[in-house]
Amino acid sequence: MLLKKAKAGALLDAIAAKERLFVPADDRGTSRFVAYGAGVEPRFDLLNTKLPPKDLLFPATETLYRWSRDGADLAIDSAFAETDPFTVFGLRPCDMASVDRLDAVFLTKGYVDEFYQAKREAATFVVATCAHPGRACFCDSIAASPHEAPTADVLLEDAGEEWVVTPQTEKGASAVEAWKPYLEEGDAEPIKAACDLKVDMAAVPEKLKGMFDDPIWSDIGDQCLTCGTCTFVCPTCYCFNIDQDVREDEGKRFRCWDSCMFTDYTAMAGGHNPRASKESRVRQRFMHKLTYFNDRYDMNLCVGCGRCMRDCPAAVDISLIIDRIAASEPAQEKEAMAHA
Amino acid sequence: MPRDNEQTGEFTPKILAFCCNWCTYAGADLAGLNRMNYPADVKVLRVPCSGRVNPQYVLKALQSGCDGVLVCGCHPGDCHYSTGNYYAKRRMMIFKRMVEFAGLSPERFQIRWISGSEAGKFRDTVVEVSEQIRALGPMENDAPSRAAIDAVAGTVASPEADEELFAAAKEAI
Amino acid sequence: MADVQDTIRERAAALLSSGEVSAVIGWGAGRFDDVRFPLVVKRAEDAGKLVFDASCVQMTAKRLLEHTGEGKVALVARGCESRAVNRFIADHQLTRDQVYVIGVPCPGMVDPATGETLKRCAECQVRNPVVHDELVGDPVPEPKPYRFAEVDRVEAMSREERRAFFDEMYGKCIRCYACRNACPCCTCRECFVEQDKVGWQGKAFNVNEARYYGMIRAFHTGDRCIECGECERACPMGLPLMVIMHQQVRDIDKLFGPYEGGGLTDSGPDPLRTYKTDDIEEFM
Amino acid sequence: MSRIGVFVCHCGTNIAGTVDVEAVADAARQMPNVAYAGTNKYMCSAQGQDYIVDIIKEHNLDRVVIASCSPRMHERLFRKVLAEKTDLNPYLLEVANIREQCSWVHKDKQIGTPKAINLVAMAVAKADCDTQLFTHEIPVTKRALIIGGGIAGIQAALDIADAGFPVTIVERKTTIGGKMPMLDKTFPTLDCSACISTPKMSECEAHPLIEIKTLSEVEKVEGYIGNFDVTIREKAKYIDYDKCTGCGMCETKCPQKKIPSEFNQGMSTRTAVYKPFPQAVPSKPTIDADHCRMLTEGKCGVCAKVCPTGAIDYQDVDRVTTERYGAIVLATGYELIDWTRLYGEYGGGRYADVISGLQFERLVNASGPTEGHILRPSDGTEPKTMVIVKCVGSRDPHKGVPYCSRACCMYGAKHAHQFMDKVPGGKCFVFYMDVRTPGKNYDEFYMNTLHEGARYIRGRISKITRRSDGKLVCLGEDTLSGNVVEVDADMVVLETAMVPPEGAKKLAQTVNTQLGPEGFFTEAHPKLRPVETNTGGLYLAGTAQGPKDIPDTVAQAGAAAAKVIGLLCKQSIESNPMVAHVDDSKCSGCGACVDICPYSAVTLVEKTLRENSRKVTRTVAQVNEGLCQGCGACTVACRPGASDLLGFNDEGIMREVEAYATR
């Protein structure tokens with residue numbers, strides 16, 4: 001089945017008539033997944049949006065429960081609500097891979113986050129492959145591929161003027177069924193692009209285990225501002241904080257994104273901070289991205305989308321960091337050399 | 001606390017007045033001693049000196065529910081601590097210009113010098129500021145109109161984003 | 001600029017090998033030709049990694065403060081970095097003898113996204129280093145371009161439009177604090193936003209909290225701003241942060257001027273740390 | 001979680017009349033951290049106090065909010081109750097002002113009650129953030145320093161020393177006494193000024209507890225109330241006072257005899273080694289280094305040759321000492337405005353017979369240059385017509401000073417009287433703006449002068465010119481009749497304005513206190529603390545604070561002395577605990593607080609701190625609790641809030657703001 005790019009508008013209108021639809025689009029100088037409606041021009045030509053789609057499943061600020069008081073009576077109400085089905089149309093394979101990572105965090109290992117789950121189950125992800133990966137894209141050597149997205153509900157393979165439409169899940173199949181009037185029969189050759197930028201992750205998670213005291217961290221610390229940009233534009237960073245808003249007779253407890261780059265992320269009540277230095281915070285971020293997460297979930301937490309490299313005010317480049325780790329001598333060898 | 005008078009449905013503003021202990025607070029006490037009558041819209045928060053008033057308190061008050069903020073101290077030259085109000089004056093001059101530049105109605109943040117003997121001036125100031133804020137209505141009224149948003153905003157991506165922006169603007173400054 | 005780069009490398013190597021400095025702060029080359037990053041070189045043999053060209057967009061001076069405990073540090077400084085050095089000294093964060101300033105007159109950098117002059121360079125008032133131990137390259141002309149155009153534009157708006165302008169700006173803020181971390185005036189050990197107990201800054205992401213952060217940070221730095229524009233340059237969301245700095249700068253200049261930002265001369269306390277008994281009165 | 005008790009006072013019907021106090025207590029019970037709320041008819045009465053004390057114990061309260069009258073009224077009393085009758089720290093108390101700022105300004109319970117609830121909620125929120133505060137004892141050094149040895153300084157020194165405390169007088173001239181010994185007679189009693197002032201000078205010299213440092217100036221003052229470390233420079237006198245007997249041989253033989261005498265206002269001369277006047281104290285001469293030939297040219301040495309005790313020491317040097325004092329009195333006096341610079345229309349000093357009031361005092365004084373005969377400086381003849389011009393410089397904001405110099409009306413009348421007394425048939429015209437005579441027997445004196453024939457003309461002299469016959473033609477206007485008046489005078493006396501002495505500004509910086517716009521030292525309160533300054537332990541006496549006459553000066557000196565004695569009687573004083581405090585961990589040592597502090601209470605110091613399990617040495621700000629007065633200006637300048645004000649801390653004020661804003 002084919003979807004002519006020129007005719008995508010009609011399909012989007014039809015989907016939006018039925019449920020909420022999110023598409024990549026420009027938004028006041030940035031780009032992100034926005035609710036489709038009149039006047040919205042989808043940007044399927046963007047490689048990936050400036051802001052990742054993670055807030056559709058894991059909002060930056062999300063109320064968990066509310067409380068109120070009437071005299072001596074105290075009431076606590078969960079803010080949990082079922083989510084109506086929605087479609088995310090046109091995300092990239094790297095972002096789909098990021099959803100896999102979020103799934104692992106919020107839905108596996110014996111704990112299910114119901115707030116996340118409700119949105120995840122309501123979502124249909126339609127992934128468009130990348131015909132021309134960007135210079136900062138390296139998904140195919142770390143987590144995904146520009147031309148495939150196995151966990152997407154529907155895969156749109158870029159074939160130039162059209163997409164080859166393939167449902168990959170049940171949810172996807174019923175969606176494509178509904179799209180039929182806008183699709184055409186036929187065959188086209190999908191573009192099987194590859195990233196120019198490659199990293200060699202093979203030995204990285206293991207090597208990192210011996211690099212806790214490596215000078216690499218102070219070098220990155222010298223360069224890094226320890227702002228939170230990378231963590232907020234990262235599609236897989238999932239750390240959050242819990243805070244509350246208290247008013248006279250009511251209040252709410254909410255969670256909001258947090259960043260391991262911030263000093264108060266690890267600040268303790270007594271004033272001690274185990275990660276007071278820049279280098280210790282930088283180390284934590286890359287250790288988590290490149291080895292700790294692998295230990296727990298058996299996959300790289302970095303999906304190679306290139307957002308952090310693109311937006312970092314200090315041009316910290318995760319691909320160069322991976323290169324340097326890959327090129328370093330394993331710790332045991334170093335130690336052996338030191339003894340020799 | 002209900003924002004509108006239950007009987008009349010009239011808007012009752014919430015105005016916070018930071019008053020220095022030595023001059024304005026004493027002036028407010030004197031107004032009481034003289035049984036002067038003024039609206040209850042203004043509540044006084046006692047500070048030792050107008051130099052103690054951090055602009056951060058002012059913005060916090062305006063963003064968390066107050067419709068107006070008044071900062072009062074001794075007349076320049078009369079500060080109990082000699083210089084506190086001079087510092088306050090410079091800080092507030094700059095801060096006031098900044099929040100007004102960012103779109104706050106000027107009446108919502110005012111600074112006055114009221115001495116310990118100026119009970120009448122305290123009363124008059126409270127009456128005046130209260131009337132001004134009543135005329136402006138609640139802080140939400142400071143939010144820009146659709147026309148203003150359209151005139152300024154870059155390309156807004158979607159109706160929903162537009163709604164979000166409008167809703168955000170409706171929140172108190 | 002190639003000559004300048006060569007000289008910087010030579011001087012860095014010489015300073016490091018003689019032991020006069022323990023580190024040299026400049027720029028290194030990223031993976032792509034138009035990407036440069038702040039680089040701290042600590043060994044003479046690494047001096048060759050220093051680059052200097054039109055892509056050195058970052059104002060690097062903040063890194064100085066992280067290395068002052070390690071002996072004298074050299075800083076490759078353009079007008080902006082040199083003013084930051086003076087700012088640090090005025091704020092007692094640095095002494096002049098802790099830094100060796102390799103001054104570099106700056107013709108202005110290029111924004112890799114647009115190919116045009118970087119905005120902070122297009123508004124720059126001081127291209128030549130105001131303080132240096134040696135100067136690499138010849139002084140450049142100081143065109144002193146008009147820098148208040150954006151302030152003029154916003155000032156001309158109606159109150160509601162101004163509110164809309166700032167709502168849009170703060171609505172887009174992701175509160176990454178890059179502006180703060182890049183700013184040479186932000187030298188607090190613990191920023192007010194991190195003081196949960198006092199509760200200045202709420203943690204939620206919304207326009208109110210972003211406005212609180214943005215405006216209070218602007219006020220904290222307003223009378224000391226060296227107008228390097230690095231906050232705006234560092235902002236990943238491209239927010240026009242300098243408009244509120246320039247607005248304060250202009251007001252302070254008008255009311256208590258002339259405005260120096262502490263970055264030019266050693267001219268006594270900053271405007272909000274002092275007063276005159278005959279300051280203009282508008283609160284009677 | 002704190003346990004706050006809220007006590008709502010009826011104040012009879014003062015509060016209960018417009019505020020439903022029970023409803024306030026009910027509402028308070030719902031507020032966070034409130035463990036008890038109740039009401040009482042009169043919370044400040046003995047019974048009310050007992051009620052508070054009992055409830056605190058019974059409910060194990062750890063914070064107290066009292067909703068009553070203004071904290072300016074009874075906060076101190078309630079603190080005392082907590083301190084004396086409970087285990088609670090007295091600073092764990094907040095007062096919600098529901099009387100002066102609520103019940104008394106509203107007429108309707110429907111308005112008063114919700115407002116009172118709001119005010120209580122704010123107080124409760126702040127109380128939760130209150131911390132225990134402790135005063136500590138600041139020791140008092142039982143010595144006083146008097147800066148300035150005029151009649152004010154002398155009086156204060158004698159009073160303090162008589163109370164048993166050592167006193168040091170620092171005087172920058174060669175003798176104490178100031179201006180008073182120069183005056184001839186004092187109004188309104190016309191007793192001899194020198195006869196009443198010089199005995200006091202001698203008394204100072206003889207007093208075992210008074211040390212006099214002449215030719216001395218205060219260079220530096222550090223420390224705070226009870227403990228000022230004062231550095232004094234005593235300039236070289238070139239005479240060893242231990243050896244000098246004051247015999248005067250050196251003065252007699254000194255060949256440099258043509259130096260204008262300061263004491264006689266330049267109307268006579270003195271020698272280079274000199275005592276300004278016979279009764280000077282110390283009663284020993286000094287060498288004027290600017291005029292001594294030995295010291296300027298290296299030749300002469302006559303005085304050393306004639307001195308019977310070998311007291312002359314040309315090698316003498318300045319002595320700088322630092323000593324500690326518990327209190328300082330500023331008695332720096334005044335100077336007369338330099339009219340010659342300002343009033344060209346009066347000849348600007350070109351006419352020898354236009355003289356100042358002080359010159360007239362010397363002319364009419366028996367020990368003055370003319371031995372008390374009123375003679376014109378120009379030709380030594382007796383003036384027959386004299387014009388007195390008042391308010392020269394005073395009340396003249398364009399040329400002089402805007403204020404009234406207070407004493408001139410009276411000594412103007414005295415000069416008129418003295419002239420008419422000493423010059424039989426002499427005519428005296430007094431040009432005046434107003435005649436101000438508020439003092440005991442003052443107006444009587446003035447009326448008497450009028451009866452003696454002094455012609456008072458209301459108006460200013462606009463011009464004085466000298467005719468070829470030596471007459472001074474005074475042109476003025478009689479504003480009462482509207483006529484132009486011209487007087488041909490033989491002599492004109494200008495009653496000039498009192499102005500702050502040179503160096504007052506520098507001294508203000510040295511001792512760290514403020515000057516008013518006129519340049520006189522500022523008292524702490526114009527009505528209720530007229531001899532104190534805003535700097536603890538620093539007092540004002542005499543014209544240092546503003547123009548005044550001798551009786552007022554002496555009275556004020558006595559008042560300052562009483563304050564000093566009151567302070568020095570104490571073994572120690574209690575510090576104010578509501579002062580700024582710096583959190584070292586947050587402080588980056590930027591110094592904003594140092595720039596801001598009006599009391600120089602904050603300094604940057606190096607400290608070794610433990611941070612993240614490591615020892616680090618950093619520069620941080622430190623507050624001197626003795627100097628800090630608790631204004632809090634530094635806390636706002638401190639961006640991270642490292643400097644916070646105890647008793648009004650950021651957290652407490654923020655909670656208070658939120659308690660109101662979010663209700």
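How many Å separate the centres of domain 3 of chain D and domain 5 of chain D, taken over C-alpha atoms? The separation is 53 Å. The legends below describe close-up views of a predicted model.

**Figure 1. Domains of chain D.** Chain D is split into domain 1 (4-129), domain 2 (136-235 + 318-334 + 502-574), domain 3 (237-316), domain 4 (336-499) and domain 5 (580-646). Between the C-alpha centres of domain 3 of chain D and domain 5 of chain D there are 53 Å.

**Figure 2. Fold of chain C.** Nine helices and five strands make up the secondary structure of chain C. Their order along the sequence is α-β-β-β-α-β-α-β-α-α-α-α-α-α. Chain C has a radius of gyration of 19 Å, close to the 19 Å given by the globule rule for 284 residues, so chain C is as compact as a globular protein of that length. The C-alpha trace of chain C spans about 60 × 45 × 45 Å along its principal axes. Of the 284 residues in chain C, 58% are buried. Among contacts in chain C with a separation of 6 or more, 68% are between residues 24 or more positions apart.

**Figure 3. The two domains of chain C and their contact.** Domain 1 (2-135) and domain 2 (149-273) divide chain C, and their C-alpha centres lie 24 Å apart. The contact involves 20 residues of domain 1 of chain C and 15 residues of domain 2 of chain C. On the domain 1 side, helix 2 (79-90) and helix 3 (119-122) of chain C each supply at least two residues. Helix 2 of chain C gives the most to this side, with seven residues. The residues on the domain 1 side comprise ten nonpolar, three polar and seven charged.

Figure 4. R211(C) belongs to helix 7 (residues 207-222) of chain C. R211(C) counts as buried because 24 other C-beta atoms lie within 10 Å, the cut-off for a buried residue being 20 or more. M169(C) is 42 residues from R211(C) along the chain, and the C-alpha atoms of the two are separated by 8.7 Å. Elsewhere in chain C, the peptide bond joining G257(C) and P258(C) is cis, with omega about 0 degrees. P258(C) is placed in the segment after helix 9 (242-256) of chain C.

**Figure 5. Contact between chain A and chain C.** Chain A contributes 30 residues and chain C contributes 29 residues. In chain A, helix 6 (216-223), helix 7 (229-233), strand 10 (240-246), strand 11 (250-257) and helix 10 (318-327) each supply at least two residues of the side that touches chain C. The chain A side consists of twelve nonpolar, ten polar and eight charged residues.

**Figure 6. Contact between chain B and chain C.** Here 39 residues of chain B are in contact with 40 residues of chain C. Elements of chain B that each supply at least two residues of the side touching chain C include helix 2 (55-64), strand 4 (109-113) and helix 6 (159-170). Helix 3 of chain B gives the most to this side, with twelve residues. By residue class, the chain B side divides into 25 nonpolar, seven polar and seven charged.

Figure 7. Beyond its neighbours within four places in sequence, V6(D) is in contact with A25(D), A28(D), V34(D), A37(D), V65(D), A67(D), V120(D) and V124(D). Helix 5 (residues 109-129) of chain D has 21 residues and reaches 30 Å from its first C-alpha to its last, close to the 30 Å expected. Of the 21 residues in helix 5 of chain D, 18 are buried.

**Figure 8. Backbone features of chain D.** Most residues other than glycine have a negative phi, and most peptide bonds are trans. N60(D), which is not a glycine, has a positive phi of about 55 degrees. N60(D) sits in the loop between helix 2 (46-58) and strand 3 (63-68) of chain D and is exposed, with 11 other C-beta atoms within 10 Å. C391(D), also not a glycine, has a positive phi of about 55 degrees. C391(D) lies in strand 21 (residues 385-392) of chain D and is buried, with 22 C-beta neighbours inside 10 Å. The peptide bond from V281(D) to P282(D) is cis, with omega near 5 degrees. P282(D) is in the loop between strand 15 (273-274) and strand 16 (286-287) of chain D.

How values were computed:
Residues are numbered from 1 along each chain as its sequence is written. Chains are lettered from A and ligands numbered from 1 in the order in which they are written. This is a predicted model: local features need pLDDT of at least 70, side-chain atom pairs count only at pLDDT 80 or more; totals for chains, interfaces and linings use all residues. Domain bounds come from an automatic or database domain assignment. Two residues are in contact if their C-beta atoms, placed from the backbone, lie within 7 Å. Helices (H or I, at least four residues) and strands (E, at least two) are DSSP runs, numbered from the N terminus. Ala, Val, Leu, Ile, Met, Phe, Trp, Tyr, Cys and Pro count as nonpolar, Asp, Glu, Lys and Arg as charged, and the others, Gly among them, as polar. The expected span of a helix is 1.5 Å times one less than its number of residues. A residue is buried if 20 or more other C-beta atoms lie within 10 Å of its own, exposed if 12 or fewer, and partly exposed in between; C-beta atoms are placed from the backbone. The radius of gyration is taken over C-alpha atoms; the globule rule is 2.2 Å times the number of residues to the power 0.38.
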